[in-house]
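Biologist: I would like to go through this structure step by step. Could we begin with the words we will need?
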Amino acid sequence: MRTEEPRAIHLADYRAPEFRITTVHLDFSLEPEATHVTAKLQIERLSGSGPLTLMGENQKLLGVALDGRALSPGDYHLDDKSLTLTDPPSKLTLEISSQINPAANTELEGLFLSNGMFCTQCEPEGFRRITYFLDRPDNLSVFTVRIEASKEQYPVLLSNGNRVGGGDLPPDENGNGRHYVAWHDPFPKPSYLFALVAGDLGSIHGDFTTMRGRPIALDIYVEHGNEPRARYALDALKRAMAWDERAYGREYDLDIFMIVAVSAFNMGAMENKGLNIFNDKVLLATPETATDDDYARIESVVAHEYFHNWTGNRITCRDWFQLSLKEGLTVFRDQNFSGDERSHAVQRIQDVRALRARQFVEDAGPLAHPVQPQSYIEINNFYTATIYEKGAQVIGMLKTLVGDEGYRKGTDLYFDRHDGHAATVEDWVKCFEDACGRDLSQFRLWYRQAGTPVIEARGTYDADARTYTLELTQSLAPTADQPEKKPMHIPVRIGLMGKDGSALPLTLDGENRAGPDSRVLEVTQKFQRFVFVDVAQEPLLSLGRDFSAPAIFRNPLSLHQRAVLMGKDSDAFNRWEAGQTLAAEIMLDGTSHTDYIAAIGEVLARAEEDPAFAAQMLMPPTESELAAKKTPVDPPRINGARLALVRAIALAHQDRLAWLYEQMRDAGDYSPDARSAGRRALRNACLRYLTAADDEAAAGLADAHYRTATNMTDMIAGLAALTRMESPLRDSAFTHFHDRFRSDPLVLDKWMSLQAGSPLPETVTAVRGLMKHPAFDLKNPNRVRALIGAFGANHLRFHNGDGSGYRLVGEVIRALDGVNPQVAARMAGAFESWRRYDQDRQAQMRAELVAIRDLPGISPNLFEVAGKMLN
Ligand code: PHE
Ligand code: ZN
């Protein structure tokens with residue numbers, strides 16, 4: 001059993017630091033198993049008279065010197081988490097030497113080895129595994145770094161900022177050449193933005209000229225042989241740099257911007273100042289190895305990390321409770337960038353889809369927390385969909401409320417006022433109050449209240465008075481941490497539609513001019529009534545246009561009315577939304593599919609106008625999306641209902657689907673641009689329907705699709721169809737794919753994911769088999785996510801009635817916790833909705849969670865997540 005309960009950290013306990021480390025000189029002598037680190041810190045007291053406590057873990061302290069004088073162990077206090085000087089002078093220089101073992105670092109926090117190269121991950125609290133430090137984001141220091149290593153094994157030595165020196169050193173005792181490189185970053189930064197990379201790496205180079213004419217060198221480092229796969233990321237980087245100048249007036253500040261791709265990484269990527277480190281999965285792409293979705297993801301993550309240079313680095317977070325200040329804002333920025341580069345409607349749909357799949361689920365379950373949490377045990381558990389995705393939606397609402405111009409004024413003020421500082425969510429909101437003269441006190445509740453608000457609409461038309469009265473009710477269910485909720489400030493965008501699909505002007509009672517076709521209603525009370533005048537005919541309400549708030553909108557319409565909106569709403573998002581709601585009603589309530597199938601016919605008829613959008617319209621809600629809508633969830637029923645709907649669509653529209661499938665065939669070279677990707681998406685959506693029967697003919701078509709594919713997107717589409725089918729063609733195609741990509745782990749990940757996502761009954765056994773495949777590796781998070789993460793997302797098979805899916809994932813989580821607790825805790829998310837299922841499944845999932853929570857020597861990460869789920 002555990003001896004020590006992990007302690008929670010509370011926002012209310014925040015205290016400004018009593019000391020500041022103004023400058024740091026770091027000296028690294030790199031060896032895989034025994035790296036020496038010397039940190040020379042200039043420290044000054046800011047306030048108080050308390051001791052100086054530096055955080056430090058997982059290292060062997062070799063020596064401490066105060067103002068040049070070596071200290072003896074009696075002069076300081078050392079434990080496994082910190083180093084304390086009880087009575088330090090108010091200005092001091094501290095020199096600390098320690099030894100660390102990067103080769104043994106499987107948690108991938110601090111300094112570790114990824115496929116033989118050294119790299120770091122310091123956010124949020126990894127720096128303390130490198131040296132003793134004030135490892136908190138409100139301590140900003142100027143870093144100078146000297147890295148020394150074997151010249152042959154680690155010819156490339158990188159850190160933040162500008163290269164300020166380097167050269168050869170005398171060989172070591174075995175006669176191996178050594179060298180060093182020195183880096184200096186003039187921008188004060190918190191330790192979580194420190195980075196170091198050392199390895200034998202290839203690179204590609206580009207350049208960018210800023211809006212004020214400054215030339216910037218752009219370098220991307222990859223493992224040798226992967227250079228061509230970094231080209232697209234470089235292109236995306238330049239576009240992101242230009243976009244941030246246009247959209248936010250933000251220029252890059254150093255002379256050099258570097259990105260490194262590594263294969264073992266806990267997250268997507270990291271915004272270290274001037275030296276972003278990327279999971280290779282979100283950086284490397286060629287048409288033969290990456291899908292259109294991969295390209296889009298790479299573009300957005302490259303932009304995201306680049307955008308952090310201002311929203312995160314120049315202005316950082318005071319403490320980790322402010323995490324959404326940088327993450328929500330930066331996601332909002334990358335979503336807008338992708339929308340501008342590609343399609344706003346498609347981007348919005350995908351963002352909302354992701355929000356609902358992860359954030360709504362989080363908000364509805366035991367891990368619900370506000371965008372600004374009040375407490376945590378392990379901060380690594382709070383890099384959540386709520387912080388990122390909901391945080392981004394909150395910024396979007398703010399922009400809706402203050403308008404485009406107001407938003408720019410607010411962000412200009414924010415950059416002006418807080419540049420070079422560690423800020424809070426409150427600082428951010430205040431900038432908008434000051435710049436736009438608005439009272440946002442109620443709006444702040446979006447940061448404080450967990451849960452997804454529900455907005456119910458009721459409209460009544462009075463033909464004689466020609467008025468339309470819209471009543472909106474908002475409600476927010478209690479969450480574990482907050483039994484009482486207050487009404488929120490919610491922007492609700494609406495439109496009214498006439499019979500022929502025309503827009504009816506929205507004129508509020510008391511206005512003397514005809515109103516706009518679409519407008520935002522500011523809902524601030526539990527119940528509010530809006531009266532529209534001069535409404536010429538009984539209107540159809542389009543509610544929550546462009547998804548104007550991260551809320552559940554309830555618009556009581558008939559199946560037929562939804563089908564009308566699906567075909568005619570001028571708001572593209574709500575056309576999609578009407579289709580989704582309609583399809584969900586059919587699948588969950590068993591209502592008639594006639595109107596929906598006819599509306600899908602209209603979508604198909606107009607599909608060529610905007611193939612990417614049509615592809616979205618053609619995809620009914622996934623099984624997981626349906627599971628989030630109604631309890632108790634019945635996985636086989638949901639699977640059956642969805643299959644039935646897909647087959648009904650396929651049958652009704654066979655000819656048109658086949659015609660479009662041919663029409664969308666692309667000759668010529670692959671291009672990852674949004675238009676071409678949209679055509680492939682539409683063609684592959686057609687393939688889904690044309691293979692819906694899952695019979696031999698379907699297998700033949702899927703196989704032909706796979707065999708004739710000239711790019712990864714189409715290959716995967718073929719395999720995704722085959723993975724549903726019991727056919728010899730399935731096995732031969734998967735074998736063929738395996739043999740072709742056997743030496744490419746990132747591509748084999750896709751092969752694993754497809755098999756783990758199969759609805760076939762033997763999937764659990766197949767996944768157990770794949771865990772023994774030589775490419776599978778518990779130490780590499782990408783492999784674990786590709787196989788076990790994908791299986792956890794396989795709604796039908798994870799929820800196998802016999803509990804075999806739960807046992808598999810439970811076992812892996814318990815084994816993984818000893819290797820990489822962060823990833824183990826994330827994997828446990830598979831169980832977060834356990835209370836929504838029937839008694840049997842609940843009992844089985846609960847048993848797994850109990851076994852996880854009671855794991856001897858469990859990490860705080862996993863303990864916090866499993867414990868909260870069981871509470
Ligand atoms: N800050 C990273 C981002 O841009 C995410 C991250 C968090 C990466 C923690 C590694 C560790 O979103
Ligand atoms: Zn981020």
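Modeller: Buried means under 20% relative accessible area, exposed means over 50%, and partly exposed lies in between, with a 1.4 Å probe and protein chains only. Helices (H or I, at least four residues) and strands (E, at least two) are DSSP runs, numbered from the N terminus. This is a predicted model, in which local features need pLDDT of at least 70 and side-chain atom pairs count only at pLDDT 80 or more, while totals for chains, interfaces and linings use all residues. Residues are numbered from 1 along each chain as its sequence is written, chains are lettered from A and ligands numbered from 1 in the order in which they are written, and side-chain values use heavy atoms, leaving out hydrogens and water.

Biologist: Thank you. How many residues of helix H21 are buried?
Modeller: In helix H21 (residues 781-792), 10 of the 12 residues are buried, so the helix is largely enclosed by the rest of the structure. Among them are Pro781, Leu787, Ile788 and Phe791.

Biologist: And what covers the buried residues of H21?
Modeller: The cover includes E21, helix H19 (745-756), helix H20 (763-770), helix H22 (795-798), helix H23 (804-817) and helix H24 (821-827). Contact here means heavy atoms within 4.5 Å.

Biologist: E21 is a strand, then. Which strand does E21 pair with?
Modeller: Strand E21 (residues 275-279) pairs with E19 in the parallel sense over 5 bridges. Two strands pair if DSSP finds at least two bridges between them. Within this pair, Ala261 stands opposite Phe278 in E21.

Biologist: Is E19 enclosed by the rest of the structure, or open to the outside, and why?
Modeller: Strand E19 (residues 256-262) is largely enclosed, because 7 of its 7 residues are buried. Ile256, Met258, Val260 and Val262 point one way, whereas Phe257, Ile259 and Ala261 point the other way.

Biologist: What about E18 and E19?
Modeller: Strand E18 (residues 215-223) and E19 pair in the parallel sense over 5 bridges. Met258 in E19 is the bridge partner of Asp219. Together with helix H1 (residues 231-248), E18 and E19 make a left-handed β-α-β unit. A crossover is right-handed if, with the strands pointing away from the viewer, the path from the first strand over the helix to the second runs clockwise.

Biologist: Let us change topic. Which strands make up the open sheet of 8 strands?
Modeller: The order is E6-E5-E9-E3-E2-E12-E15-E14, with mixed pairing. Strand E6 (69-70) and strand E14 (162-169) are the edges, each pairing on one side only. E14 and strand E15 (residues 178-189) run antiparallel and are joined by 7 bridges.

Biologist: Now the metal. Which residues hold the zinc ion?
Modeller: The protein donors of the zinc ion (ligand 2) are His304 (NE2), His308 (NE2), and Glu327 (OE) and Glu327 (OE), lying 1.9 to 2.8 Å from the ion. Donors are N, O and S atoms within 2.8 Å of the metal (3.2 Å for Na, K and Ca); water is not among the atoms, so sites may look incomplete. In sequence, the donor residues are spaced H-x3-H-x18-E.

Biologist: Are those histidines buried or exposed?
Modeller: His304 is buried, with a relative accessible area of 7%, and His308 is buried at 0%.

Biologist: Which residues touch the most other members of the largest nonpolar core?
Modeller: Among its 282 residues, they are Phe28, Leu283 and Trp428. Helix H5 (residues 385-418) gives the most to this core, with 12 residues. A nonpolar core is a set of buried Ala, Val, Leu, Ile, Met, Phe, Trp, Tyr and Cys residues joined through side-chain atoms within 4.5 Å.

Biologist: One last point: where is Phe530?
Modeller: Phe530 is in strand E31 (residues 527-533) and is buried, with a relative accessible area of 11%. The C-alpha atoms of Phe530 and Glu471 are separated by 6.4 Å, although these residues are 59 residues apart along the chain.
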